[in-house]
Amino acid sequence: MIKEYMDLGSRWNNREALFARGDWLMLYKVIVSVQSNIMGMLFGLNRLYVHHQLLNGKNIL
């Protein structure tokens, strides 16, 4: 489960450019995606499995 959530995506590397450009919607989307992945990693470290659509990542927007 931890390996599944370790990839933060390539857009995370562009967060500073999004901030400088003022592209707030895309920046917030990237931040939320990273936060969801961090929560998934923490649940994996604590050996908890949470089956919730918001943590699934496939059903967001």
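Which residue follows H3 with a positive phi? In this predicted model, in which local features need pLDDT of at least 70, side-chain atom pairs count only at pLDDT 80 or more, and totals for chains, interfaces and linings use all residues, that residue is Arg47, whose phi is near 55°. Residues are numbered from 1 along each chain as its sequence is written, and side-chain values use heavy atoms, with hydrogens and water left out.

The chain holds four helices and zero strands, where helices (H or I, at least four residues) and strands (E, at least two) are DSSP runs numbered from the N terminus, and the order of its elements is α-α-α-α. Of its 61 residues, 18% are buried, a class defined by under 20% relative accessible area, with exposed meaning over 50% and partly exposed lying in between (1.4 Å probe, protein chains only). Contacts, defined by heavy atoms within 4.5 Å, join residues at least 24 apart in 51% of the cases in which the partners are at least 6 apart in sequence.

Helix H3 comprises residues 24-45, and its 22 residues reach 31 Å from the first C-alpha to the last, close to the 32 Å expected at 1.5 Å a residue, the expected span being 1.5 Å times one less than the number of residues. Among the buried residues of H3 are Leu27, Val30, Val34 and Asn37. An α-helix has 3.6 residues a turn, so residues three or four places apart point the same way. Asn37 counts as buried because its relative accessibility is 13%; its side chain reaches the backbone oxygen of Asp7 at 2.8 Å, and, when residues up to four places away in sequence are not counted, Asn37 touches Tyr5, Asp7 and Leu8.

Helix H2 (residues 15-21) contains Leu18, which counts as buried because its relative accessibility is 7%. Leaving aside residues up to four places away in sequence, Leu18 touches Asp23, Met26, Leu27 and Val30, while the C-alpha atoms of Leu18 and Tyr28, ten residues apart along the chain, are separated by 9.6 Å.

Phe19 also lies in helix H2, but this residue counts as exposed because its relative accessible area is 54%. Together with Trp24, Tyr28 and Ile31, Phe19 forms a nonpolar patch on the surface with about 440 Å² of accessible area, to which H3 gives the most, with three residues. Accessible areas come from the Shrake-Rupley method with a 1.4 Å probe, and for residues only the protein chains shown count as cover. Patches are made of residues with over 30% relative accessible area and no salt bridge, nonpolar side chains (Val, Leu, Ile, Met, Phe, Trp, Tyr) being joined within 5 Å and like charges within 9 Å; a salt bridge is a side-chain nitrogen of Lys or Arg within 4 Å of a carboxyl oxygen of Asp or Glu.

Methods: Polar contact = N/O pair within 3.5 Å; in protein donor to acceptor, adjacent residues only side chain to side chain.
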